[in-house]
Amino acid sequence: MRNSIHHGLNVPEPSARPGGRVDFSRLDIPKAGMVRCPDPTENPAEMRDLAYDLIRVLDEQHQAVGPWAPKLDADLLRRGLRAMLLTRAYDERMVRAQRQGKTSFYMKCTGEEAVAVGQALALRRDDMCFPTYRQQGLLIARDWPLLDMMCQVFANSKDRLKGRQLPVMYSAREAGFFSISGNLATQTSQAVGWAMAAAFKDDPRIAVTWVGDGASAEGDFHHALTFAAVYQAPVILNIVNNQWAISSFQGIAGGERTTFAARAIGFGLPGLRVDGNDFLAVAAVTAWAAERARAGLGPSVIELFTYRAGAHSTSDDPSKYRPADEAAGWPLGDPIQRLKEHLIAVGAWSQAQHTALEAELTDLVTRTAKQAESFGTIDKGPPPPVATMFEDVYKEMPWHLRRQQQELEEFEP
Amino acid sequence: MTQPMNMIQAVNSAMDIMMARDPDIVIFGEDVGYFGGVFRATEGLQKKYGRERTFDTPIAEAGILGVAVGMGAYGLRPVVEIQFADYIYPALDQLVSEAARLRYRSAGEFTAPMTVRVPCGGGIFGGQTHSQSPEGIFTHVCGLKTVIPSNPYDAKGLLISAILDDDPVLFFEPKRLYNGPFEGYPDRAATLWANHPLGQVPDDYYAIPLGQAVIRRPGDAVTVLAYGTMVHVALAAAEETGIDAEIIDLRTLLPLDIDSITASVDKTGRCVIVHEATRTSGFGAELSALVQEHCFYRLEAPILRVTGWDTPYPYSLEWHYFPGPARVGAALRQVLEG
């Protein structure tokens, strides 16, 4: 008998589209300090509650509370604040450079600075990162030269990547920062492979990787979870849930049915869900997972619950697919503001110091940008020598590439 | 009635018309629903036909193609978008081992009547992951059809045929041609399709059969085989060199219009093949072999290929990579000397 009820196809929709009222009421946000902190040796099967909760440390009075409150000294917190502010100033400057035609493309991480910066400062500097295009804060927190990053964005004569890569697709081996691919989620299983190699060599370093809520749907991420679980690789698999994958909200990646942290459960891994705009919580959870990996207790999955305050990239306009004021309504606030208020509340910072630091960093970014621009920009050039196009395809250039290189040189002497 | 349309509007019109005619057509892909696609090709379709027929998918190309195979096996007619050709590789298994062979392995019990729209090609400063032309990978797979239009008029008529086709069709859309014809000069003012005869597109249904090439410029001196963006580059090269080239826009790579190719090369005795994709094992190699097999005794000079170099598409050097009119013109001169 044919069922007369039309079940239809479930196609998730976000709570509001342009013109609609911003509504985050369906988010369940617990108070800070409420979530337990298990011993890293605890069986992951006993930790399943953590995948459905939200680890938060900073309370409404800007104090660090609860079992996850990390014992971080004020110097480290001020370093974190500085790196987040510098990341934001750098992003603003590069977006402006894109508007001026000095680069063709840029991607900022505004509102998500605590993810990369908080995690970088909780890791060892030689731990190996396999990031996406939105973790520029890793490089900044590891004191990688801004000039080098800008030269990559401008694809100029000092770009170490020889103008080959799309802007923001950095590579910095010395900073433990893997070459970024434009293809999504490929880095996740590569991070597991790196971690397996480290385990094989009894290397104390761990691997850390990031993927977006959207790209966590790619097969590669699921392969990463399987391999990480099977080989108990010393790796941290981060899912940055910033709510939006270009125009698709996180429900299109499966976020309406469960949390992204809960992806871990089916693989027998710990899954921790953390307020990604709470610098202290991000640092604490990362340190916990790093300790666990380094102790040989295996991989962990962390969902960093945050919000992409800006556009996906300079190529899109988010007001076309979400309310223009949605970012302002994000209930977990701004990571920089929250860390600043905490530092002031504990007497380790002041508004005057903050204003002075902002001015100093804006000046640093401006000066560095001018220096980078003096080495060229994408619109004015000069590009790298054309012959370099044929280098590094192989270690040794085969005859057909040598011939193509000659052909081009004869053509464009 | 005809309207000026750019290639995105033409593609949109084809899908709109086919969705209205056939309720079994469903459209899905990354960002194609509410937003209407990053290139706006599906704009308005969700609003007009509802979320069940035009919807966003998870970012998982293997999933998109696998789901399309399953829907096709049920009897729907999926038209899916892979956001950039460069993102299609995770879906290779579903295309190569599944969609392409389903009819064969089930002796026709199951088929995959799906269309895969794939924005491709460079010239937009997209770097190595937003610029590739992987058509040659797919022409190498038996069971798939491969189409690449060079203008809005063809794009609409060919996409309608692709959707109607009962076999899986890869429909490559050169991104650089979305807004206007492109002769290969990035510094010159852009031309819009509104000012081009092939940008005048009928509102209504029409189909251009797959497997038919078209002569864009008749000539006697040399045959140029091109498709997509390179058709316009080749036309510019013929104009600049004053060489009386016969320029054939292949439009469909598989099935290939071999008769048009051989008729032209038999007439001119010379052949230059142009594509933006890398050279080695590219579709030009197949074309070269076919011309040699069919026209060997008529050939008066070696067949030449003008292609992208065998490197990843370099971001800042893209105009040194892109095979522009100067390189095509040099090949035309060389093949006449031969």
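Beyond its neighbours within four places in sequence, Gly176(A) is in contact (C-beta atoms, placed from the backbone, within 7 Å) with Arg125(A), Asp126(A), Asp127(A), Met128(A) and Cys129(A). The model is predicted: local features need pLDDT of at least 70 and side-chain atom pairs pLDDT 80 or more, whereas totals for chains, interfaces and linings use all residues. Residues are numbered from 1 along each chain as its sequence is written, and chains are lettered from A in the order in which they are written.

Gly176(A) lies in the loop between α4 (146-154) and α5 (186-200) of chain A, helices being DSSP runs of H or I of at least four residues, numbered from the N terminus. Gly176(A) is classed as buried because 22 other C-beta atoms lie within 10 Å, the cut-off being 20 or more. The C-alpha atoms of Gly176(A) and Asp126(A) are 5.8 Å apart, although 50 residues separate the two in sequence.

The contact between the chains takes 42 residues from chain A and 35 residues from chain B. On the side of chain A that touches chain B, helix α10 (residues 399-411) gives the most, with five residues.

Notes. Two residues are in contact if their C-beta atoms, placed from the backbone, lie within 7 Å. Helices (H or I, at least four residues) and strands (E, at least two) are DSSP runs, numbered from the N terminus. A residue is buried if 20 or more other C-beta atoms lie within 10 Å of its own, exposed if 12 or fewer, and partly exposed in between; C-beta atoms are placed from the backbone.
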